[in-house]
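I opened a new page for this chain. I want to note the chain as a whole, then an annotated site.

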Amino acid sequence: MPYLKLADACLAYGHVPLLDHAEFQLDPGERVALIGRNGTGKSSLLAAIAAGTGKGRLDDGEVWVQPGIRVGYVPQEPPFDPAHSVFEAVISGMGETSTLLAEYHEVSHRLGEGQGDHDALLARMDTLQHELEARGAWAYEAQAEKVIARFGLDPEAQVGSLSGGQKKRLALAQALAVAPEVLLLDEPTNHLDIAAIEWLETLLIESGVTLLFITHDRSFLDRVSTRIVELDRGKLASFPGNFSQYQQRKEAMLHEEALANARADKLLKEEEVWIRKGVEARRTRAVFRVQRLDRLRAERQARRERMGKVNLQLEVGDKSGKLVAELEHVVKSYGQRAIVADFSARIQRGDKIGLIGPNGAGKTTLLRLILGELQPDAGSVRQGTKMEIAYFDQFRTQLNPDSTLADVISPGSDWVEIGGARKHVIGYLEDFLFAPERARSPVSSLSGGERNRLLLARLFAKPANVLVLDEPTNDLDIDTLELLEQLLQDYDGTLFLVSHDRTFLDNVVTQTIAAEGDGVWKEYAGGYSDWANYQASQPKLAVDKPKSETKPVAKPAEAVKAKADKLSWKEQRELEALPEKIAGLEAEQAALTAQLEDPALYQRDPQGAQKASERLAAIDDELLALLERWESLEARVGA
């Protein structure tokens, strides 16, 4: 039995139908990704499906949700009261019970801190306990505390003090606190760093919750989705499998559609010629051919073409000097916290550098040091010559919400110069998919993806030989992302890219500067996957390295030492027992893995699934410790 169904759904804004008699079904255990171009109505569709919580509606059609099912919904920009604590925000989705839980939590905190009238607080706590027991609310509190801990949040922290990434974690925690069978997520990876995104991927897969989510993160799509549903020209098309499989099927579909449209256009053209000749020559026409012509005309008029592609062009301008920046033993701290500790690098013209690290690691600070906008506490930074820098700001602070689109691109003029040729600002905006009538609209009327496109249009309207892009991929659809990738691959200047989009980094950058913790930064060749593979290989290299080295000939004193290092009786017994212990742990590991692969487990026994997942992680650590001990004892026996 499906969890939810969408039947004959219609939704329009103005004259453009976002949903045109669309059909959709979500079955238990599925993880469905909803994709499509910016402005096609994905977020509106997700809000319409969540209409049971009063957050959206359809113009026509029906949304059916299985009775009694719990649905969690995380919109793109979740509304929170900045004065609330994290705990209050998480339980706010639990109805009237949330008010009592919030008060109980506050009274407990005040008692623990010794604040207020102790007897009055105890009396109030007793009253609250009875009311909460009557409502069976302790399970809600336990679940709320569990998800807050799982997302690494401080329950006492004020929502207004949280960063963008922490607010996204808070929204996910709020949705999971009600233990939903279905989770609706709108751009869950926005504002999360790479480590948090990978952690979220694992959480969603292991939880077994049924998912319907919107994202443009292709790595996330490939790992999490079991089915792709594309919203294109008001219709929903389903593609089983992950994003890579979807791309292959979609290419074949578009080719067939183009051929069918070409055949229909050719037939229409031939019939138009026939009707004109018939009028001139015979004055009589076959009725069925006239009717077919009317039908062909109607079909051609009703046909909705695919949205055009952004026309990205980038003017490099004059070449910079061969050296862009040279850093030697650079140090930068804020108070007691080291942001950059003894970092050296040489950056040359044409380098495409990706900066990766967790939120707050100091990626922007390092960029400002490289570009000379910030002076180091110690060490030296030497900048190159003839640098023309263009900067893309992830927070879009360069966009005045009251300015018109035309003023943002070319203030005080109707023309821009691209590649040595003048172009009218309206035509230039059309290259970025902005209709002519929107050229005088204010920036405040744009969606997040449209603002990113406008900022790219503004950026590319000026020549630059050094590009600094800080999270340019947020809110951009997949087609535009791929076009931007191609543009940056062909760019002859120097590029600095801060991004949490792993596929984008892999396809664009030639080297990576990664945060290693405690202000340590290291440079690696290649993109994100090359860095991740190198990090994953480090423990193995550390173990294998001694085996590949040639052992020196033992001196007499060393031979005496080796003899003295002979295994004791207890260590010999330990060595003999290790294979059996390892085999037992591996068998337990295999059994738990098979158990967690059953989607029904997460619905039947969510607490048991959580314990099994935690035990599986502990087994990995135990196995590693036993294998290291075995190797250590074997090495002594060999000696």
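The model I am reading is predicted.

Entry: whole chain. I looked up the secondary structure and found 21 helices and 20 strands. Of the 639 residues in the chain, 43% are buried. I also looked up the contacts between residues at least 6 apart in sequence, and 68% of them join residues at least 24 apart. The accessible surface of the chain is about 32800 Å², and carbon and sulfur atoms account for 51% of that.

Entry: annotated site. In the unreviewed UniProt entry, a "binding site" annotation covers G357, P358, N359, G360, A361, G362, K363 and T364.

Entry: A361. Where does A361 lie? I found A361 in the loop between β12 (352–356) and α11 (363–370). Is A361 buried or exposed? The relative accessible area of A361 is 16%, so A361 counts as buried, the cut-off being under 20%. Leaving out residues up to four places away in sequence, I listed R337, I339, A515 and W521 as touching A361.

Entry: G362. The loop between β12 and α11 also holds G362. G362 is buried because its relative accessible area is 11%, and buried means under 20%. With residues up to four places away in sequence left out, G362 touches I339 and W521. I noted that I339 and W521 are also on the list for A361.

Note on methods
Residues numbered from 1 in each chain as written. Predicted model: local features only at pLDDT ≥ 70, side-chain atom pairs only at ≥ 80, totals over all residues. Heavy atoms only, no water. UniProt positions renumbered as here; feature names shortened; annotations may be inferred. Helix = DSSP H or I, 4+ residues; strand = E, 2+ residues; numbered from the N terminus. Buried < 20%, exposed > 50% of the residue type's maximum accessible area, 1.4 Å probe, protein only. Contact = heavy atoms within 4.5 Å. Areas by Shrake-Rupley, 256 points an atom, 1.4 Å probe, with all protein chains shown as cover.
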